[in-house]
Amino acid sequence: MRRNWMKWSLWVVAVVVLSLPVASWAQLTTQDIAARDNMEAHVGNLTGHANSGQAKYDYRRYCVGCHGDLGDGNGEVAQWLDPPMWPKPRDFQLGIFKCRSTPTGTLPTDQDLYDAISRGFDRSAMPIWNVFTKQQRVDLVAFVKHFSPRFVSEKPGTPIQIPPEPEVTADRVKNGREIFARVQCWKCHGVTGQANGPSASTLQDDLGRPIAAFNFTEGARPKCGSTDQDIYRIFMTGLDGTPMPSFADNIKPDEAWDLVFYLRTLMAQPSKEKDIARQLGLKPVSPNP
Amino acid sequence: MNRQQVFVSVLAITVLVCCGSLLLNKTVSAAGEGKITGTVKLDGEAPHMKPIDMSKDPYCVKANPTPQKFQNVVAGSGGGLENVVLYISDGLSNPTESTAVQVFDQKNCMYSPHVLAMDIGQTFKVQTSDQTAHNIHPNPNPMTGNIPWNQSQPPGAPPVEKSWKATEFIEVKCNIHPWMHGWFAVVKGPYAVTDENGNFTIQNVPPGSYTVSAWQEVYGTQTAKVTVAAGGSAKADFTFKAK
């Protein structure tokens, strides 16, 4: 009888001790999964829910064909998209996004994803989703986030500070041209912005697929937005997952505006900057300073 | 107290002490640290490493009067294999952390060193000595906890300081100069990288029995078992078959 009791208590202790790590592990993973299922997104005063019927319905109906059931970018349509002409759909599991207000190597904000979905991606199969209500889009942001464990374990980066946009002047346009030469944007984009720099032909994205640099001269819309602020953000944060790097450590915040103005002179769209360049008789930068 | 009570309380105390020491374990510092030394050799003829065509960038051509070769396999005259990472893959309970700040330089359009080994959380500095723009673009698997980033380093750029969160062999590239290719080898605990003769010394190894791993970017990983006595030196040699 006594023996039995001792044996029994020994077993209980052993089982409890052994199951401790298992229990805490199981708790962690189930918590993790729950956190992903209940993922939220906040844009303005709207809150999106990944577990809302609307988010699931919209994703299944409008996104799954390209981005796939698991959000890994392997929907049925993906096989027909051939980069660099047709970039592959984003793999949401990796949590790596092109259009961010946050520094390179960090997660985007909910607003960034909301803007990307609303804007669509020029020169790609990714449609513009501005027909959806705002609430639908915020729900979709939450749904996109729920595919990546990174949105549970990491916080989005802190958005970069953008100083107020100054007045365009001839000096600023000229200084922008100097910066374009100094930090050597032309290595990829070419001295005239035609995406024909010496390194353009060998560019690959992080998954080893060929990718083209942006051609400024064709009138194409940048994928991450066309306003001056958007363009500022593009080269100060970089497009993660692509060769386009961040220049945040190399261009001072105020001078970054000068570069934005210079980039306008390369673009096809008429602009004040283009007029200034014409008056100044600005030549393309020289590749060998 | 009867015997049952004594038994149960002894059991309870044992369990508590065990759990407690497991938790405290981290702060115990090891005395009498020893080292592991050895040589890594290549058995057979090293594969031909092509000279690099740098004609995309005249600066790089000028910087290298004799063309550089790819560095995926670098074997010395005696068959010693350079750039192999040695680390302790098993048996280390509480490694001392490495804190030295190492430098990864972009020089003459090559990475120096080709393989930079480091501890989890150890800060390293990426700098450029070149008068041409680079972008430094490591490509880890974000699922490990190491997140990729991509920063430009034009001439005169300030160094960037970084560290990694998890063990992984991370490829690093420059998209501007596609031949530039190197590695961040992130390991846990003390490590070493072989010199041009294939020799290495892992310092600061507490006494104990370990599995040592040798990693080479083309040939993969080999392991060996060693026992390090207090203040002593253990030996581990490795041979990779050329292919």
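These notes cover the confidence of a predicted model and its cysteines.

1. Confidence. The model scores ipTM 0.87 and pTM 0.89. Chain B has a mean pLDDT of 90, with 87% of its residues at 70 or more. Residues 16–29 of chain B have pLDDT below 50, and beyond near neighbours in sequence this stretch makes two contacts in the model. Where pLDDT is low, the predicted coordinates should not be read in detail.

2. Disulfide in chain A. Over all chains the structure holds two disulfides. One of them is formed by A:Cys99 and A:Cys224, with sulfur atoms 2.0 Å apart. The link is left-handed, at -75° about the S-S bond. A:Cys99 sits in the loop between helix H2 (53–67) and helix H3 (110–119) of chain A, and A:Cys224 in the loop between helix H7 (186–189) and helix H8 (228–237), so distant parts of the chain, 125 residues apart, are linked. A:Cys99 is buried at 7% relative accessibility, and A:Cys224 is buried with a relative accessible area of 7%.

3. Disulfide in chain B. B:Cys60 is joined to B:Cys109, S to S 2.1 Å. The S-S torsion is about -75°, so this disulfide is left-handed. B:Cys60 lies in helix H2 (residues 58–63) and B:Cys109 in the loop between strand S3 (102–107) and strand S4 (110–112) of chain B, so the pair ties together parts 49 residues apart in sequence. B:Cys60 is buried at 0% relative accessibility; B:Cys109 is buried as well, at 0%.

4. A:Cys185 is buried at 14% relative accessibility. For B:Cys174 the closest cysteine sulfur is in B:Cys109, at 8.2 Å, also too far for a bond. B:Cys174 is buried at 2%.

How values were computed
Residues are numbered from 1 along each chain as its sequence is written. Chains are lettered from A and ligands numbered from 1 in the order in which they are written. This is a predicted model: local features need pLDDT of at least 70, side-chain atom pairs count only at pLDDT 80 or more; totals for chains, interfaces and linings use all residues. Side-chain values use heavy atoms; hydrogens and water are left out. pLDDT is the predictor's confidence in each residue, from 0 to 100. Contact means heavy atoms within 4.5 Å. A disulfide is a pair of cysteine sulfur atoms within 2.5 Å. Helices (H or I, at least four residues) and strands (E, at least two) are DSSP runs, numbered from the N terminus. Buried means under 20% relative accessible area, exposed over 50%, partly exposed in between (1.4 Å probe, protein chains only).
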